[in-house]
Amino acid sequence: MHQVIIRPMVDGMFKYLFGYQKNIKFTEYLLECLFNLDPGTLNGKVKIKNSLVLDKFYYYEHGFETDIRIEIKDYDDKDILVDIEAYTSYDKASIVKSFLYIAKLFVSQFQVGSDYKNPQRLYQF
């Protein structure tokens, strides 16, 4: 039997650790570190907005969705959206991909016919 070891920086493992509602305490802690907040500040305020697919065949055949979309409730009296993606290398294509992710996240908060006022703050890591 061949054993496969997946490093934490592999997209699927990273998303399992930080993009899975069952592991929300790790996500809260990561965000507290990224925002330089005291531990426990985001306890109960973080919600994962995209789901994790845990299917070994999907992983090997198609890969995982790599970004983690998060909503933080009542951060500085306003809800914010956060996009986190793990990169093992960061090049020009990665910059374009990151820009596309944040643009999609920005646009997705509006409904057809909305006045586009008061968008949520967005952060990307």
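## Accessibility classes and overall make-up

A residue is called buried under 20% relative accessible area, exposed over 50%, and partly exposed in between. D79, with a relative accessible area of 21%, is therefore partly exposed. The model described here is predicted.

The chain contains 4 helices and 4 strands, and its elements follow the order α-α-β-α-β-β-α-β from the N terminus. Of its 125 residues, 30% are buried.

In soluble globular proteins, nonpolar side chains tend to be buried together. The largest nonpolar core of this chain comprises 16 residues, and L31, I70, I72 and V82 have the most contacts inside it. At least two core residues come from each of α1 (11-18), α2 (24-34), β1 (46-48), β2 (67-75) and β3 (78-85). Strand β2 gives the most, with 4 residues.

Beyond its neighbours within four places in sequence, I72 is in contact with L31, F35, L42, K45, V46, K78, D79, I80 and V82. In α1, the buried residues are G12, F14, K15 and F18. These residues lie on the same side of α1, because they cover an arc of only 165° around the axis.

## Salt bridges

Side chains of opposite charge can pair when their charged atoms come close. The chain has 4 salt bridges. One of them joins E71 to K49, with the closest N and O atoms 3.8 Å apart. Since E71 belongs to strand β2 and K49 to the loop between β1 and α3 (56-61), this pair ties together parts that are 22 residues apart in sequence. E71 is buried at 11% relative accessibility, whereas K49 is partly exposed at 44%.

D79 is paired with K73, the closest N and O atoms being 3.3 Å apart; K73 is partly exposed, at 39%. K49, E71, K73 and D79 are linked in a network of salt bridges.

A further salt bridge connects E85 and K97, with 3.0 Å between the closest N and O atoms. E85 lies in strand β3 and K97 in helix α4, so the pair ties together parts that are 12 residues apart in sequence. E85 is buried, with a relative accessible area of 8%, and K97 is partly exposed, with 33%.

## Nonpolar surface patch

V96, F99 and L100 form a nonpolar patch on the surface, and their accessible area together is about 320 Å². L100 is located in helix α4 (residues 92-108) and counts as exposed because its relative accessibility is 53%.

Key: Residues are numbered from 1 along each chain as its sequence is written. This is a predicted model: local features need pLDDT of at least 70, side-chain atom pairs count only at pLDDT 80 or more; totals for chains, interfaces and linings use all residues. Side-chain values use heavy atoms; hydrogens and water are left out. A nonpolar core is a set of buried Ala, Val, Leu, Ile, Met, Phe, Trp, Tyr and Cys residues joined through side-chain atoms within 4.5 Å. Buried means under 20% relative accessible area, exposed over 50%, partly exposed in between (1.4 Å probe, protein chains only). Contact means heavy atoms within 4.5 Å. Patches are made of residues with over 30% relative accessible area and no salt bridge: like charges are joined within 9 Å, nonpolar side chains (Val, Leu, Ile, Met, Phe, Trp, Tyr) within 5 Å. Accessible areas come from the Shrake-Rupley method with a 1.4 Å probe; for residues, only the protein chains shown count as cover. A salt bridge is a side-chain nitrogen of Lys or Arg within 4 Å of a carboxyl oxygen of Asp or Glu. The arc is that of the directions from the helix axis to the C-beta atoms.
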